[in-house]
Amino acid sequence: MNALELRVAAVDPISPLVTRFRFEHPEGATLPPFSGGAHVVVEMPDDGILRRNAYSLISDPLDGRAYEIAVRREDTGRGGSRFMHHRVKAGDMLRVTRPINLFSLDLRARKHVLIGGGIGITPFLAQLAQLTRLQAPFELHYAARTRSEAAGLSLLPDMPQVHVHISDEGNRMDLGAILGHQPLGTHVYTCGPEGLIAAVDDTAARLGWPRGALHSEAFLAPPPGTPFAVTLASGRRIEVGPHESLLEALEAAEVPVDWSCRGGACGRCETRVAACHGRIEHNDHWLTDDEKAAQTKIMPCVSRFAGETLTLDL
């Protein structure tokens with residue numbers, strides 16, 4: 001995928017676990033525009049493994065001077081977020097893809113309701129700037145268990161449409177109240193833990209919301225796991241390490257695979273399985289339950305394998 005060589009202009013800790021990174025063109029050129037909800041993929045050369053992680057853009061879509069992202073450190077993850085937190089400093093050069101938007105606002109909506117939890121607030125920051133500029137009706141609800149865990153608070157603007165729900169302060173988010181009295185034509189957008197997305201979907205279904213008015217985003221980090229191997233249609237065998245995704249292993253072997261989000265959400269890297277003697281560990285949000293049970297497709301960006309033989313149609 002076409003990437004830009006950008007300079008890290010600033011590294012600003014927001015909380016003990018979340019850091020904001022600002023990227024600028026090294027020659028001061030204007031960066032390609034984007035719309036609220038877009039993400040970029042940052043390339044990280046991590047001790048012989050080229051990691052590529054997707055992060056939502058949190059800066060103003062019309063500010064072409066820089067791209068900004070907020071990264072939560074995941075100490076039990078594969079190492080991408082730790083790389084960003086511990087090894088990236090101002091002045092470094094990193095490759096960053098042009099913006100991709102899989103979570104755009106539906107501008108036909110009469111009103112927009114944004115619901116975020118934890119670091120899932122990030123795609124809404126750029127959308128707030130876009131909605132404010134368009135003077136479109138909206139409200140945002142941000143949920144966290146404790147105020148100390150709500151790193152997104154320092155990023156949110158002070159606006160009457162922004163509502164913060166801190167559970168241990170007795171202000172737990174009431175989805176029924178939020179979704180129960182919205183005007184016809186409202187669309188709701190959810191980003192955060194899987195439980196939050198499921199709760200919004202369930203509440204909306206119970207209240208009779210049309211499915212087309214519900215939007216969500218849940219990029220998944222490729223989970224670490226037991227090493228495994230796959231065989232290509234040509235007979236070539238590819239080893240996948242414990243802290244390496246199948247997609248990363250294929251890329252390291254120079255096997256071309258299309259991708260966009262690298263988080264199990266967009267479907268671009270869907271790969272046909274020619275033979276499977278074992279169990280595919282599906283970790284994506286793209287394949288249906290029936291497709292996962294059939295074990296004839298795999299999303300190599302986030303899914304793994306346990307068993308004797310997995311042959312891919314590549």
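Begin by selecting Glu 254, which lies in the loop between helix H5 (246-252) and strand S15. Helices (H or I, at least four residues) and strands (E, at least two) are DSSP runs, numbered from the N terminus. The model is a predicted one, in which local features need pLDDT of at least 70 and side-chain atom pairs count only at pLDDT 80 or more, while totals for chains, interfaces and linings use all residues. Residues are numbered from 1 along each chain as its sequence is written, and side-chain values use heavy atoms, with hydrogens and water left out.

Is Glu 254 buried or exposed? Glu 254 is exposed, because its relative accessible area is 71%. Here buried means under 20% relative accessible area, exposed means over 50%, and partly exposed lies in between (1.4 Å probe, protein chains only). The phi of Glu 254 is near 60°, a positive value in a residue other than glycine. Most residues other than glycine have a negative phi.

Next select Gln 295, in the loop between helix H6 (289-294) and S16. Gln 295 is not a glycine either, yet its phi is positive, at about 55°.

**The whole chain**

Now display the complete chain. It has six helices and 17 strands. Its C-alpha atoms fill a box of roughly 60 × 50 × 35 Å along the principal axes. The radius of gyration of the chain is 20 Å, which agrees with the value near 20 Å for a compact globule of 314 residues. This radius is taken over C-alpha atoms, and the globule rule is 2.2 Å times the number of residues to the power 0.38.

Of the 314 residues, 53% are buried. Among contacts between residues at least 6 apart in sequence, 65% join residues at least 24 apart. Contact means heavy atoms within 4.5 Å.

**A five-stranded sheet**

Select strands S13 to S17. They form an open sheet with the order S14-S13-S17-S15-S16 and mixed pairing. Strand S14 (237-240) and strand S16 (297-298) stand at the edges with a single partner strand each, so one side of each has no neighbour in the sheet. Two strands pair if DSSP finds at least two bridges between them.

The following pairs may be examined in turn:

- S13 (residues 228-232) pairs with S14 in the antiparallel sense over four bridges; the bridge partner of Ala 229 in S14 is Glu 239.
- S15 (residues 271-281) runs antiparallel to S16, joined by two bridges; Thr 271 has Ile 298 as its bridge partner in S16.
- S15 and S17 (residues 304-312) are also antiparallel, joined by eight bridges; Ala 275 stands opposite Thr 311 in S17.

**Helix H2 and its surroundings**

Move to helix H2 (122-134). Which residues of H2 are buried? They are Thr 122, Pro 123, Phe 124, Leu 125, Ala 126, Gln 127, Leu 128, Gln 130 and Leu 131. The elements covering them include S4, S5 (67-72), S8 (111-117), S9 (138-144), S11 (186-191) and S12 (214-217). Just after H2, Gln 135 takes a positive phi of about 55°.

Within strand S4 (residues 49-56), select Ser 56. Ser 56 counts as buried because its relative accessibility is 9%. Not counting residues up to four places away in sequence, Ser 56 touches Ala 38, His 39, Glu 68, Ile 69, Thr 122, Pro 123 and Glu 217. Ser 56 and Leu 179 are 123 residues apart along the chain, and their C-alpha atoms are separated by 25 Å.

**Ser 81 in helix H1**

Select Ser 81 in helix H1 (residues 80-87). This serine also counts as buried, because its relative accessibility is 9%. Leaving aside neighbours within four places in sequence, Ser 81 is in contact with Asn 53, Tyr 55, Val 71, Arg 72, Arg 73 and Glu 74.

**The second largest pocket**

Finally, select Ile 58, Ser 59, Asp 60, Leu 125 and Leu 155, which lie nearest the centre of the second largest pocket among its 13 lining residues. Strand S2 (18-24) and helix H2 are the elements that give two or more residues to this lining, and H2 gives the most, with three.

On a 1 Å grid over the protein atoms alone, a pocket is an open set of points where a 1.4 Å probe fits, with protein on both sides within 12 Å along at least five of seven lines; lining residues have an atom within 4 Å of a point. The volume of this pocket is about 220 Å³. Grid points are joined across faces, edges and corners, and a volume is the space filled by probe spheres set on the points.

The lining divides into seven nonpolar, one polar and five charged residues. Ala, Val, Leu, Ile, Met, Phe, Trp, Tyr, Cys and Pro count as nonpolar, Asp, Glu, Lys and Arg as charged, and the others, Gly among them, as polar.
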